[in-house]
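The notes below are grouped by topic.

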Amino acid sequence: MTWQNWAGTERADPARVVSPSSTQEVCDAVRAAVRDGLGVKAVGAGHSFSGAAVAPGVQLLPDRLDAVHEVDRASGLVRVGAGMPLHRLTPLLAEHGLALEIIGDIDRQTVGGAVSTGTHGSGERFGSISTQVRALELVLGDGSVVTCSPMEQLLEEVDELAATNDHFELFWFPHTSTALTRRFERLPGDAPLRPMSTLARLLDDEIATNVGLEALLRVGTRVPRLVPGITSLVTRAISARDFTDLAPQVFASRRDVRFREGEYFVPRDALVPALRELWRWVEEHDEPVSFPFEIRFVRSDDIWLSPAHERESAVVAFHQYHRMPHERWFSVCEDVLGAAGGRPHWGKMHRLDASALRPLYPRFDDALAVRDEVDPGRVFANPYLERVLGP
C-alpha cells in the first residue's frame with residue numbers, strides 16, 4: 001500500500017505497516033524490524049512537507065496510541081499517547097479548564113508529530129509546542145524503553161552542576177518529575193547587593209512555602225489522595241530567583257511548616273542509583289509523600305564520627321509533614337540509602353544503633369575509647385547516645 005503525505009510531496013511503499021496499541025507493542029515492532037534488517041519510522045497525520053516520516057521499511061501508525069492517560073488539573077499536566085491529534089486534545093483539555101499555551105494554524109498533527117518536528121505558533125513570550133513537554137516515554141533503537149524528563153536530565157548532570165557551582169543543591173518533589181535547583185556563587189566582599197524584592201520574598205517564602213503550604217497539607221492530611229496534586233502545585237508556585245545578597249539572606253530559608261526529617265550521607269557515586277530506586281518506589285506505590293527530597297553535597301573530612309569521614313558525600317534528606325504518617329516512607333528511604341552505604345545525620349531521625357553504625361565508621365571504636373576516657377561515668381549519656389554509641 002502506498003502512503004503519501006497531506007501535500008502529496010512525499011510517498012512511500014513500506015515493507016510492513018504496524019499499528020501498535022501499547023508501549024510494549026511498539027517495542028515488539030522495533031525488535032522485529034531490527035531482526036529483519038528493516039528501518040522503522042512513525043508517521044502521524046502526514047502534515048510534514050518534508051520526508052521526515054517517510055518509512056520504506058516498517059511504518060508505525062500511532063492511531064491506536066491516542067488515549068488520555070492522566071489529567072492533573074492542579075499542576076496543569078496531562079499524559080497522553082503520541083497518536084493523540086491536537087484537534088482532539090484541545091477540547092479534552094478545555095473540559096478540565098486547561099489549554100495548550102500555544103498551537104499553530106493547523107491542528108491536525110498528532111502530539112508525537114508536533115513535538116518531534118518543532119511545530120509552533122507565534123508569540124515572543126512562548127516557545128514551540130515541544131517546550132510544553134515535561135516528560136517523554138521513548139522506545140529506543142534496540143526496543144528498550146526510557147523515560148526522559150527534567151528530573152532525568154538533572155540526574156545526568158548532577159555531578160557537573162555540583163562541580164561548577166560554589167554551592168549547589170536540588171529539591172525533588174515525589175509524585176512529580178520536577179526538581180528545583182539552587183545555585184550560589186561566592187562574590188567579593190565589595191560586590192554590589194541586589195536583594196530579592198519584598199514582594200517576591202513574600203510570595204515565595206510566606207505564601208507559597210509557608211502559609212499556603214500549611215493550608216494545603218492540612219487538606220492533604222484529611223484526603224491523602226490529593227497529596228500528589230499538592231506537590232505538583234507547589235512546584236509551579238515557586239518562582240525563579242536571581243539575586244545578590246549577604247550569606248544569611250541567601251542560604252537560610254523560613255521553615256514555619258513543621259515536618260519530620262531523616263538524612264543520610266551517601267558516597268557520591270551511589271547518589272543517582274539510590275534516587276532512581278526511590279523514584280521507582282514512589283511511582284509504584286500509593287504513599288502520599290508531601291515534602292521534597294533535599295540533596296546537597298559535602299566534601300570529605302578526617303573527623304572520626306563525621307558522616308563525611310574520608311569520603312566525598314552527597315547528602316539526601318527526606319521529609320514528611322508532621323500530621324501525616326512517616327514510618328513507612330522513612331523505612332523505605334533508610335533501606336535504600338543504607339544499602340548505598342549511607343551514614344545517618346546524627347541530629348535527624350534514623351533507626352540505627354551502635355552495632356549497625358560501627359561498620360560504617362573506620363574509627364568508631366577509637367572514638368568510643370575517647371568517650372571512655374573523658375566520660376567514664378557516662379555523665380553526658382542519654383537514651384539516644386546509649387543506642388547509637390552503646391551503653
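In this predicted model, Arg-343 sits over the face of Tyr-361, with 5.0 Å to the ring centre.

- Trp-6 and Phe-49 pair edge-to-face, with 6.2 Å centre to centre and 90 degrees between the planes.
- The two residues are 43 residues apart and link distant parts of the chain: Trp-6 belongs to the loop between strand E1 (3-4) and strand E2 (11-12), and Phe-49 to the loop between E4 and E5.
- Trp-6 and Phe-49 are both exposed.

**Buried aromatic pair**
- Trp-172 and Phe-293 count as stacked because their planes are at 10 degrees, with ring centres 5.0 Å apart; the cut-off for stacking is under 30 degrees.
- This pair also links distant parts of the chain, joining Trp-172 in strand E10 (residues 167-172) to Phe-293 in strand E13 (residues 293-298), 121 residues apart.
- Trp-172 has 0% relative accessibility and therefore counts as buried.
- Phe-293, at 1% relative accessibility, is buried as well.
- Both residues belong to one aromatic cluster, formed by Trp-172, Trp-279, Trp-281, Phe-293 and Trp-329.

**Parallel sheet**
- An open sheet is made of three strands in the order E3-E5-E4, with parallel pairing.
- Strand E3 (16-18) and strand E4 (40-42) are the edge strands, each pairing on one side only.
- On average, neighbouring strands of this sheet are turned by 25 degrees against each other, direction ignored.
- E3 and strand E5 (residues 58-60) run parallel and are joined by three bridges.
- Val-18 has Leu-60 as its bridge partner in E5.

Conventions: Residues numbered from 1 in each chain as written. Predicted model: local features only at pLDDT ≥ 70, side-chain atom pairs only at ≥ 80, totals over all residues. Heavy atoms only, no water. Pairing = 2+ DSSP bridges. Helix = DSSP H or I, 4+ residues; strand = E, 2+ residues; numbered from the N terminus. Axes fitted to C-alpha atoms, helices over the stretch in contact; angles between N-to-C directions. Phe/Tyr/Trp six-rings, centres within 6.5 Å; stacked < 30°, edge-to-face > 60°. Buried < 20%, exposed > 50% of the residue type's maximum accessible area, 1.4 Å probe, protein only. Lys NZ or Arg CZ within 6 Å of the ring centre and 35° of its normal.
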